[in-house]
Amino acid sequence: MNLGIYRPKDPEHVKARILDACAELLSQGLPLSIGTVAEVAEVTKGAVQHHFGTRAQLLMAFHAQAVADIQASLQVAQPTQENAAQRYVRASLQMLPTPQENQRRRAWVAASVMEPEVAQAWCDWLEADRAVEPESAEQLVARLAADGLWLAETLGAYQLTAQDKQRVAQVLQRLAAGNQSAASSSGAALKAG
């Protein structure tokens with residue numbers, strides 16, 4: 001029976017709504033099921049299953065979207081040649097969450113903590129990125145610190161000013177360059193502000 005409701009078929013829009021609903025639920029720590037996602041996305045359970053199959057496949061699609069964002073940032077051309085650590089630090093700094101993006105970033109953290117498959121996929125991606133070329137201890141520290149800054153910003157752990165973020169970014173970029181003197185000058189750069 002047709003009730004006069006016309007819903008144009010727009011699969012990409014429906015998929016985006018479903019992924020947005022997934023982010024909303026995860027970022028708020030609410031239960032994630034095909035039914036709850038369908039309810040928040042205002043679509044049928046069948047639509048969620050049609051586009052993503054299972055809950056696990058939905059979570060992996062959500063993870064894939066987050067990784068695609070990172071890869072897009074990594075591939076932005078730069079005026080100078082960058083090593084893998086420099087690309088990673090730059091992408092991490094570019095992806096510091098804005099208030100609009102924060103929900104999606106929190107959801108990704110939650111999915112990585114709650115779902116072993118998502119966590120493993122992220123670990124595999126990180127290992128593959130690190131395997132591109134050898135890295136020094138300074139470069140590894142830069143990657144780890146960039147991850148920490150990204151997580152702190154995502155969770156709102158620190159109230160950093162734009163100037164604080166800029167100073168930290170400069171230190172991380174020097175470390176990522178593999179500059180042996182970067183580690184000794186890092187303390188001075190942070191105190192200078």
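The secondary structure of the chain comes to ten helices and zero strands, where helices (H or I, at least four residues) and strands (E, at least two) are DSSP runs numbered from the N terminus. The model is predicted, so that local features need a pLDDT of at least 70 and side-chain atom pairs count only at pLDDT 80 or more, whereas totals for chains, interfaces and linings use all residues. Residues are numbered from 1 along each chain as its sequence is written, and side-chain values use heavy atoms, with hydrogens and water left out. Read along the sequence, the pattern is α-α-α-α-α-α-α-α-α-α. Of the 193 residues in the chain, 39% are buried; here buried means under 20% relative accessible area, exposed means over 50%, and partly exposed lies in between (1.4 Å probe, protein chains only).

Two of the helices were compared with their expected span, defined as 1.5 Å times one less than the number of residues. Helix α4 (residues 55-74) has 20 residues and reaches 29 Å from its first C-alpha to its last, close to the 28 Å expected. Its buried residues are L58, L59, F62, H63, A66, V67, I70, S73 and L74. For helix α9 (residues 162-176), which has 15 residues, the end C-alpha atoms are 21 Å apart, in agreement with the 21 Å that the helix should span at 1.5 Å a residue. In α9, the buried residues are D164, R167, A169, V171, L172, L175 and A176. The helix is followed by G178, whose phi is positive, near 85 degrees.

The structure holds four aromatic pairs, a pair being two rings of Phe, Tyr or Trp (its six-membered ring) whose centres lie within 6.5 Å, with planes under 30 degrees apart counted as stacked, over 60 as edge-to-face and the rest as tilted. One of these is the edge-to-face pair of W108 and W122, at 4.8 Å centre to centre and with 70 degrees between the planes. This pair links distant parts of the chain, since W108 lies in helix α6 (residues 99-114) and W122 in helix α7 (residues 116-130), 14 residues apart. W108 counts as buried at 6% relative accessibility, and W122 counts as buried at 17%. The rings of W122 and W125 have their centres 5.2 Å apart and their planes at 5 degrees, so this pair is stacked. Both W122 and W125 lie in helix α7, three residues apart, about one turn of the helix, and both are buried. An α-helix has 3.6 residues a turn, so residues three or four places apart point the same way. Ring pairs link Y88, W108, W122, W125 and W150 into a cluster.

On a 1 Å grid over the protein atoms alone, a pocket is an open set of points where a 1.4 Å probe fits, with protein on both sides within 12 Å along at least five of seven lines, and lining residues have an atom within 4 Å of a point. The elements that give two or more residues to this lining are α5 (84-94), α6 and α8 (137-155). About 360 Å³ of space lies in the second largest pocket, the volume being the space filled by probe spheres set on grid points that are joined across faces, edges and corners.

E42, in the loop between α2 (34-41) and α3, has a positive phi of about 60 degrees although it is not a glycine. Most residues other than glycine have a negative phi. E42 is exposed, with a relative accessible area of 63%. K45, found in helix α3, is likewise exposed, at 53%, and its C-alpha atom is separated by 9.6 Å from that of S33, twelve residues apart along the chain. G53, in the loop between α3 (45-52) and α4, is partly exposed, with a relative accessible area of 26%.
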